[in-house]
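Okay, thanks for coming, everyone. Have a look at the model on the screen, and I'll talk you through it.

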Amino acid sequence: MSELVQAIAERALAYVLDPPAGDDPVVALAAPQDLVTVFGEAAGLALADIEEPSGDLALLRAVELVVQHSVHTSHPRFINQNFAGPDPVSVVGDWLGAALNTTGATFEAAPVFTLMESAVLSKLGRLAGYDDGATTEIPILPPGLFCPGGSTATLYALQLARHRRNPDVVTSGSSGERLTLFVSAAGHYAATKSAALLGIGTNAVIKVETDATGAMHVPALAAAVKASKQAGEVPFAVIATSGTTVTSAFDDIQSIADICEREHLWLHIDGCYGGSALFSATYAHLLDGVARSDSFVWNLHKMMGMTQQCTALLVKNPQQLAACFAGKADYLFQPDKLNAEYDSGDRTFQCARRIDVLKLWLSWKHHGDVGFGHRIDHSVLMADHARHRIRSSQGTFVPLVEGNFTNVVFAWIPEADRSIVRDGTELRSQSPELLHRLHSLPARIKAQMQAEGTAMIGFQPVDGLNAFRMLFMNPSVTTDDVDAMLALIDTYGQRVSVAT
Ligand SMILES: Cc1ncc(COP(=O)(O)O)c(C=O)c1O
């Protein structure tokens, strides 16, 4: 067995140290059935009713196929989603955490990781301004916890919000009030999923209109809260998004906090994507007012390149976590055992908790604050370069949203239509036939890209029209990569237009 383990570990390490780049494919596209067939030559993907042990050679061949057919998210031309470019230190940190295989629930099982988690949460809390009296000493009760992903952390935050409004909710369930919460129309769907799980229902989520950049229109929030109250509902929380998924827009936290304070609403910040702007001296101002919030979710596995998942839920009043989530299991959280006061397990819904902090701690210590800040600044620089290229493309590309952070949203226009479509505003007033044709292009262009494996770039509807979205967070992306990706879109665009 040790030879197999060694061989797999070496393969993984070789991948981390020398990941695909440049003209290497971003993806070796294969249809589901083709994948099943290819793996049939190694250790088949399916498991038989009676699965016999596979030999090392078959497994190592399968490992190669796993690598070959996985999407290379560290490739500079993977700019498809809100994560990319894993930090190598984080990857191996994750392995070390897995090797030590423990649960973060108790100090007794995870002494180092318990302290590390407190130290990291304390520093994240200080960056967010949740630092009432906080020092650099490691707190026994940190200002939050690590959660398995931003959606789960959002669920936790909304339960905290509901608990503040109605402390009996934990023991007695719903009070029967028709609770409502508010998030911008560009906010993440974690809000509605959480509402469904909390039992307040998806109709309790009131979507507030956004401005042209995708940021919440604050007067519309005030009006929506008022209307909800007039309808006999009970507003209890607002989610302000710092870095929306599609356009990386930042809601105006200060103005939203004014409304929340006036109306006694819990203010939750969804900083899953853009929270990391706090690492940058240049862009931290995008979260001005974050210290006035009650909770804040921050995905370090997005912009900071931590391996998935690495999510911090920060809370203004950490005592409330136990009030909400304690199960008081006496086989785990014995009050009379050594160092019981350090246990984090009774502050979370989970029992066992993965060690997500080690990779972040290692990476942060390695890069320092300056290195973390640089990662953000570099990403915005690449986005600025893309914006510049798009604006000066003489109609080949048309910006659809005026962004100022890491996401660039735009359309590719076929040559024949460039004289009529000169900017995003004009685009909207085009004939339904032209809009229909433009809408169909990104999917077809992307399919060509995937088939040749040259790049992966996201697209989604923006106001009903499919648009490309380039997102920058991988520090190895260069301006040459940006230019190459735009050139690829143009090449494939011409190809699919001719084919129409
Ligand atoms: C703004 C925002 N909030 C929340 C989430 C959900 O985070 P997770 O995927 O970790 O559940 C995402 C994920 O893309 C996001 O972009």
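**Around the ligand**

So, 15 residues sit around the ligand, and the nearest of them are Gly149, Gly150, Ser151, His188 and Cys272. A residue is near here if its C-beta atom, placed from the backbone, lies within 6 Å of the molecule. Bear in mind that this is a predicted model: local features need pLDDT of at least 70, side-chain atom pairs count only at pLDDT 80 or more, and totals for chains, interfaces and linings use all residues. Residues are numbered from 1 along each chain as its sequence is written.

What's the shell made of? It's three nonpolar, eleven polar and one charged. Nonpolar means Ala, Val, Leu, Ile, Met, Phe, Trp, Tyr, Cys and Pro, charged means Asp, Glu, Lys and Arg, and the others, Gly among them, are polar.

Okay, the helices. The chain has 15 of them, plus twelve strands. These are DSSP runs numbered from the N terminus: H or I, at least four residues, for helices, and E, at least two, for strands.

Now take α4 (residues 88–99) and α12 (residues 357–391). Their axes come within 7 Å and cross at roughly 140 degrees; axes are lines fitted to C-alpha atoms, for helices over the stretch in contact, with angles from 0 to 180 degrees between N-to-C directions. That makes α4 oblique to α12, since under 35 degrees is roughly parallel, over 145 roughly antiparallel, 65 to 115 roughly perpendicular, and the rest oblique.
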